[in-house]
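Me: Here is a model I would like to go through with you. I will ask about the backbone and the chain contact in turn.

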Number of protein chains: 2
Amino acid sequence: MNTRPIGIFDSGLGGLTIVKTIGRALPGENLIYFGDTMNVPYGSKSKEAVTRFSLAIAQFLQKQNVKLIVVACNTASALALPQLQKQISVPVIGVIEPGARKAFDTTRNGKIAVLATEATVRSLSYPKALTKLNKNLRITQQACPVFVPLIEEGWIHPAAGEKIIADYLRPVIKSGADTVILGCTHYPVIKQRIAKQLGKNVQLVDSAQAVAEKVKAFLIQTDQLNNRRRGCLTVYASDDPKRFKQLAKNIVGRTLPRVLLKKLMP
Amino acid sequence: MNTRPIGIFDSGLGGLTIVKTIGRALPGENLIYFGDTMNVPYGSKSKEAVTRFSLAIAQFLQKQNVKLIVVACNTASALALPQLQKQISVPVIGVIEPGARKAFDTTRNGKIAVLATEATVRSLSYPKALTKLNKNLRITQQACPVFVPLIEEGWIHPAAGEKIIADYLRPVIKSGADTVILGCTHYPVIKQRIAKQLGKNVQLVDSAQAVAEKVKAFLIQTDQLNNRRRGCLTVYASDDPKRFKQLAKNIVGRTLPRVLLKKLMP
């Protein structure tokens, strides 16, 4: 039993999809979420920049006495995870390996597509993680650079959004993949829209459930599970917490508790 | 005569539309451009954040011995100009006042619309500047939050883009404005697309020309014009200069000189 909180971070709002799933799977855990709204988006920035932002946040979370850090951002997982695991003393879990494993368990025809940010696609993190599981998988990657800004703005142009989804899915459909990884924690927000265009024969995989299971297994294994009472959620944003709270409703479907401002100097 | 360079900055690529116009109007001047790709976009961030970023850049430009700084970004002009003028010892020129004046000179029916980022709209900078010129103007503001990310990505979804432009222009057309200010230095990139949807009876005003004229007048007045030979352009980006150079082609229509990496710690 360990009542210390779990730290979870993302470039902005997207990681709240992970908070939602972890909160459901582990209702007794106290969660601290950090949304780096000062530096959003990560997906078009360099490895060095993303690593610098991620380290500053992980150090802040460590000071909050977390027992574990979840990198609820595919870009940060793809670019900064080894550096975080080296420099941070508590365990750090990323979203890519659990998502890749789930996709591998899901596919029947061995063809998997990955939708992700430019930086995640360039890093080849999903192809590497998938190939480790089975070297004969056929993997298609598709960068979707405008999804994050459109979702961060509240997906306020649905008709245009449908066209943009269609643009990105064309090569995915052509690839014949039966399993598509939502390789960015923002994308579950538009999961239904993506699923509708892909059709019923394609399975969508988002890593949130897989990550929640990995966190739970780790806490049970290390005897750190906190299930005495209902846990609480503390939310920090590095810029404009009021705006963050307003937009968060689009992601989690309900009003967040108070969002605290925490500026970091990475 | 003063051969010191002119410093110009923006959150990313947009300010290059100003560089292009100033370069044409003042071909002898040496120009230093700083694109803050580490912190782009500014338009959805707080006043405090934008002021912090802007001050760090202006201090860097000052160290490059510039004779004048042009804030080639409407959001930074709207939120940070007074602070910059207070803390920076060389003259600092913003884009809002010149743009407002040009719109005032252009309108025939006294109805002016402003397309800008969320932060610029919230600041009321254009309504204030326009009302100073004539308090009877009828002013409509429209925030266009997804234009900057779409333009920074190279406007890769033109069909969806047309729909998004139509969404934003609906209230503008309804207002009966005969003059529309492109209140963000990114928007001239899609000027033709916006003009087409507004029709021939509406005049588009972008502040680039007005700013170039203001800079020229200032340099003549203070006897600092540099017109001996062809000036050169030096470009800095705070993250991923390679990507900046690639995307810059979409803005300036030709390949930039080498783009230098300059990280600032605001």
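**Backbone and contact**

Reply: To begin with one residue of this predicted model, B:Leu124 has 14 C-beta neighbours inside 10 Å and so counts as partly exposed.

Me: Where is B:Leu124 found, given its positive phi?

Reply: Most residues other than glycine have a negative phi. B:Leu124 is not a glycine, yet its phi is near 60 degrees. The residue is found in chain B, in the loop between α5 (118-123) and α6 (125-133).

Me: Is A:Asp240 buried or exposed?

Reply: A:Asp240, also not a glycine, has a positive phi of about 45 degrees. Its place is the loop between β9 (233-237) and α11 (241-252) of chain A. A residue with 20 or more C-beta neighbours within 10 Å is buried. A:Asp240 has 21 inside 10 Å, so it counts as buried.

Me: Which peptide bond ending at A:Pro41 is cis?

Reply: Most peptide bonds are trans. A:Pro41 lies in the loop between β2 (31-35) and α2 (47-63) of chain A. With omega near 0 degrees, the cis bond runs from A:Val40 to A:Pro41.

Me: What is omega for the bond from B:Val40 to B:Pro41?

Reply: B:Pro41 sits in the loop between β2 (31-35) and α2 (47-63) of chain B. The bond from B:Val40 to B:Pro41 is cis, with omega near -5 degrees.

Me: Which element gives the most to the side of chain A that touches chain B?

Reply: The contact takes 18 residues from chain A and 18 residues from chain B. On the chain A side, the elements giving two or more residues are α7 (147-152) and α8 (158-175). The most, five residues, comes from α8(A).

Terms used: Residues numbered from 1 in each chain as written. Chains lettered and ligands numbered in written order. Predicted model: local features only at pLDDT ≥ 70, side-chain atom pairs only at ≥ 80, totals over all residues. Contact = placed C-beta atoms within 7 Å. Helix = DSSP H or I, 4+ residues; strand = E, 2+ residues; numbered from the N terminus. Buried ≥ 20, exposed ≤ 12 C-beta atoms within 10 Å, placed from the backbone.
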